[in-house]
Amino acid sequence: MALQDFRPMQERCSNCLNCRWVPFDKLKSERFGENCPSIAYNNFMTYSARGRFQLGQTILDGDADYTETITELVHDCMACGSCDVTCKVCRYNLEPLEHNIELKVDAVEKGKTLPAQAGIMAALKQEQTMIPGSKKAQRLDWAKGIQVKDLFKDKAEVAFYPGCKYSYDPKLQKVAQAALKLLIDAGADVGIMGNADACCGGRALQMGFRAEFTERAEANIKAFNTAGVKVIVTPCSDCYHALKRQYAKLGLAIEVLHTVEYLERLIEEGKLTFTKSVNMTVTYHDPCHLGRLGEPFVPWDGTEKKIMNQVHTWSPKRPRYNGAYGIYDAPRNVLAAIPGLRLVEMDRIREYAWCCGAGGGCSQTLPEYSAWTASERITEANTTGAEAMVTACPWCEANFMGAVDEHGKSIQVFDIIELVQQAL
Amino acid sequence: MALTAEIYQAFEDVVGQRNISQDKGVLESYRCITSQSSAHYGPFDHKTPLPQAVIMPGSTEEVQKIIKLCNKYKIQFKASTTFWSAMGFIGSENAIQLDMRRMKGIEIDEKNMIAVVEPYAIGAVVQVEAMKVGLNCNIPGVGCSSSVVASTAGWVGFGPTSISMGVAGENMLGAEWVLPDGEVLRTGSLGAGAGWFNGEGPGPSTRSVLRGFQGTTGTMGVCTKVAIRLHPWPGPTCIPTRGQTPAYKASLPDNFKCYTLCYPSWEAWAKGAAMLHEAEIVYLGHRQFNMFGRDIKAAMLRILNDPNGQLADLEPLLQDPELKKQNELMKMDIQVVLAGMTARDIAYKEKVLDRILELCGGWKSEMMLEKDMQDYVLLYLLRLGHKNLNYTLCGSYEGNYGLSSNVFVATAVIEEASELKDKWAKTHTTIADTGGDSDMGSLSIIGGGGAMGWEFFVNFDAYDKASIQGTNDFIDETQKWMTSKGLGVDMGRWNQDIRRKDGLNFTQEEHDAMYVNAAQPLVFAYQWKVREAVNPNHLGGSYYRTLTPSKIGLA
């Protein structure tokens with residue numbers, strides 16, 4: 001779709017402003033009631049999904065240009081999808097997240113990008129990663145010393161796909177190593193992609209670089225198909241969304257699981273049992289791309305149809321992505337299985353969780369805003385009295401590490417895999 | 001005209017660089033295309049004017065400085081927070097828009113059952129904070145996403161809980177008000193330094209001047225704080241919920257009951273409503289789901305209760321004989337919530353309700369007694385969080401046959417109004433055809449009952465210009481019919497005299513021409529004098545209706 005295809009949605013947005021808040025039925029406090037980091041940080045209405053619908057019309061009508069302010073505003077959306085969930089509490093025919101991303105695509109196609117995006121996209125093109133400074137040649141360094149099949153040369157049922165952040169970030173590589181060892185120890189026939197391992201490109205799409213994403217996706221789909229795997233397991237929520245939702249649109253037909261789903265299966269089947277207690281009170285942060293954006297792609301080919309004169313619907317019935325079927329229970333079930341661990345919940349959880357601040361590439365392109373968003377979440381986590389915050393995404397973990405709350409207090413941050421490892 | 005660099009800098013000096021913008025793309029998002037929302041508050045198919053700047057003050061002092069600058073440079077202004085409908089937007093090309101988002105404080109005074117709130121405290125957050133201490137607030141029909149200050153100080157503000165809690169004007173206590181000339185007025189007991197507890201004396205009682213019954217929709221300066229009365233909440237400190245989005249449901253204890261009451265005739269319905277007013281047993285009363293239309297409401301309720309439900313399910317569901325039967329049983333219905341302060345209290349209220357139904361020949365809808373349905377409706381009504389289902393069918397609606405009236409007057413012609421709409425939908429395809437009667441509204445527009453607030457929802461497609469125009473034509477048709485019945489001005493035309501069709505304010509000359517022949521011109525001349533006293537530079541816009549006194553021979 002192009003921006004002009006969103007015109008009906010732009011004009012049918014009713015300015016209800018639900019897109020600024022968690023679903024009202026789930027609201028628990030004034031302090032943690034807002035859902036959209038972009039308008040919460042910048043305040044002007046234009047930063048909300050409603051404002052972006054109106055901005056989109058203005059751009060299409062030629063009434064405003066991509067000034068420096070508007071260019072930053074367009075890219076300021078974290079593509080976290082929280083507006084999408086609350087919009088769809090009441091509306092059945094608007095897609096605010098798709099529209100927000102299309103605005104970014106439109107800006108990118110017109111050369112309106114943020115300064116930091118040039119280096120990120122150059123890294124993707126040259127080194128097949130979205131982490132500038134990292135080299136393709138060092139992509140598999142994290143796996144050194146682990147006996148695992150190279151799917152570039154050998155066959156296996158499962159491809160373990162750690163993603164750029166786990167592959168290159170020295171503080172996080174241990175998580176990828178632990179996850180892979182867990183799969184091997186559980187008897188999985190698993191391998192890694194070897195020389196074919198490369199960035200999923202998901203964050204390129206989140207930033208509006210659709211052509212670059214598509215190029216990367218098509219290359220990866222070819223590699224997975226050549227490897228002949230039946231399942232792809234990833235510990236990265238951004239990769240998970242890209243593979244499960246976006247790659248599926250481009251023809252990937254291989255089952256995609258997040259590590260937490262795989263671990264849940266192993267626990268259910270008795271292949272993973274815990275022997276140690278982890279005496280700790282934790283709170284769980286739902287990564288956007290595993291939670292509300294973790295629903296599977298459902299093919300659809302149809303058109304709008306009006307019934308009863310003016311009620312607009314779709315023929316045939318169109319899949320509805322509203323976060324209802326995201327991955328929320330699997331991580332909580334894994335945590336519940338760890339002896340001694342106590343889970344306390346934050347105000348904003350599951351489909352209405354607050355973003356970590358890394359979404360849409362913002363941790364790399366707009367670091368101050370991204371850090372504020374993380375700080376808001378740390379404040380919320382500390383309000384629960386938890387000793388640590390657990391998550392299931394390297395981008396979330398990295399953004400929370402070192403962040404402090406509104407009182408300057410930090411919190412321990414773990415990937416769920418690290419706690420599983422402690423309990424073995 | 002654009003603000004000069006000097007003026008812009010003066011505003012920026014007040015709020016800081018981050019809180020002011022004159023970027024065209026930003027400004028464009030502060031225009032209202034009224035057909036995208038409820039259209040009866042403004043011009044039908046035009047945008048409101050482009051503001052010269054958007055400014056976000058963070059305190060009363062900043063608001064005061066901004067308004068003094070507006071007076072100095074003769075720039076119109078309008079403050080808004082949640083921007084629902086054209087009323088919150090400017091009406092002049094020489095105007096700035098104040099976005100009050102940064103002022104969102106809430107103080108709950110549990111002992112005195114008062115909340116003191118700033119403009120961006122919306123109904124949902126005030127309610128959730130009040131419930132933590134066993135209290136609740138009236139959330140008007142506009143829904144919980146709207147500003148409490150706006151609905152309390154600027155508009156009528158009745159809703160489902162008004163039967164037990166009263167309307168905005170009744171709940172408004174002290175207020176802090178930056179007048180259009182930049183002076184700060186503290187009303188009621190606040191003005192006497194006695195705190196927020198009373199909207200009238202011992203301080204100056206200007207409540208009727210600043211808001212009256214209907215509210216002055218932001219034309220009398222900027223209300224920066226208001227105190228509202230809170231009411232008992234006999235429920236948990238946070239409403240427990242279950243279910244998948246969007247079909248969330250409440251899990252409340254047995255002292256809450258939610259029923260859909262049905263009657264065999266409108267005479268019986270009116271008699272039942274009057275008895276409910278008398279009996280004082282209802283916590284909340286609203287005819288809600290009929291807003292979708294008499295022929296489709298049962299199907300819509302099924303869709304809303306199913307996380308996988310969609311509007312595409314409507315056509316097959318409408319063929320279901322059981323749902324057709326339910327629609328027939330709920331033809332003349334209303335939803336009520338009973339809340340017992342004790343077990344004896346709820347038992348008493350249930351007994352009285354059953355007796356009223358017996359006397360009126362009414363019944364409780366069985367479909368709405370299903371556990372999931374009851375809990376869905378209970379949550380919907382208590383939070384008004386799904387209020388924006390108003391827009392679900394088509395994205396836009398207009399209210400017609402809007403009446404704030406005695407129930408016996410309103411119900412006497414409701415079937416005629418229904419036929420009028422049904423006929424229009426059948427012969428013109430511009431509005432949704434959902435069965436004529438799509439009446440919805442509150443059991444009471446005043447605390448304790450006595451009159452109701454009604455409108456028929458006329459759903460139309462804001463993306464379809466023919467649908468917009470056709471709806472406009474239908475409202476004209478409704479007005480002709482209402483005039484012929486002596487029913488006064490239709491809700492869809494309430495504001496046609498305060499903003500021109502091109503989105504701009506009316507001039508004084510245009511207002512003079514309108515009101516000189518009004519039934520009670522003195523009212524408008526009185527308002528002219530009020531305006532001259534507090535708004536000498538006429539910076540508030542034409543939502544405040546005035547008549548130059550000399551036009552009717554007054555000094």
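**View 1. Domains 3 and 5 of chain B in the predicted model.** The C-alpha centres of domain 3 of chain B and domain 5 of chain B lie 44 Å apart. Domain 3 covers 238-389 and domain 5 covers 508-552, with bounds that come from an automatic or database domain assignment. This is a predicted model, in which local features need pLDDT of at least 70 and side-chain atom pairs count only at pLDDT 80 or more, whereas totals for chains, interfaces and linings use all residues. Residues are numbered from 1 along each chain as its sequence is written, while chains are lettered from A in the order in which they are written.

**View 2. The largest nonpolar core.** This core, a set of buried Ala, Val, Leu, Ile, Met, Phe, Trp, Tyr and Cys residues joined through C-beta atoms within 7 Å (buried: 20 or more other C-beta atoms within 10 Å of the residue's own, all placed from the backbone), holds 301 residues, and Val337(B) and Leu378(B) are among those that touch the most other members.

**View 3. Surroundings of Leu378(B).** Beyond its neighbours within four places in sequence, Leu378(B) is in contact (C-beta atoms, placed from the backbone, within 7 Å) with Ala250(B), Leu252(B), Phe256(B), Cys258(B) and Val337(B).

**View 4. The side of chain A that touches chain B.** The contact takes 53 residues from chain A and 61 residues from chain B. On the side of chain A, β8(A) gives the most, with five residues.

Definitions and conventions:
Buried ≥ 20, exposed ≤ 12 C-beta atoms within 10 Å, placed from the backbone. Contact = placed C-beta atoms within 7 Å. Helix = DSSP H or I, 4+ residues; strand = E, 2+ residues; numbered from the N terminus.
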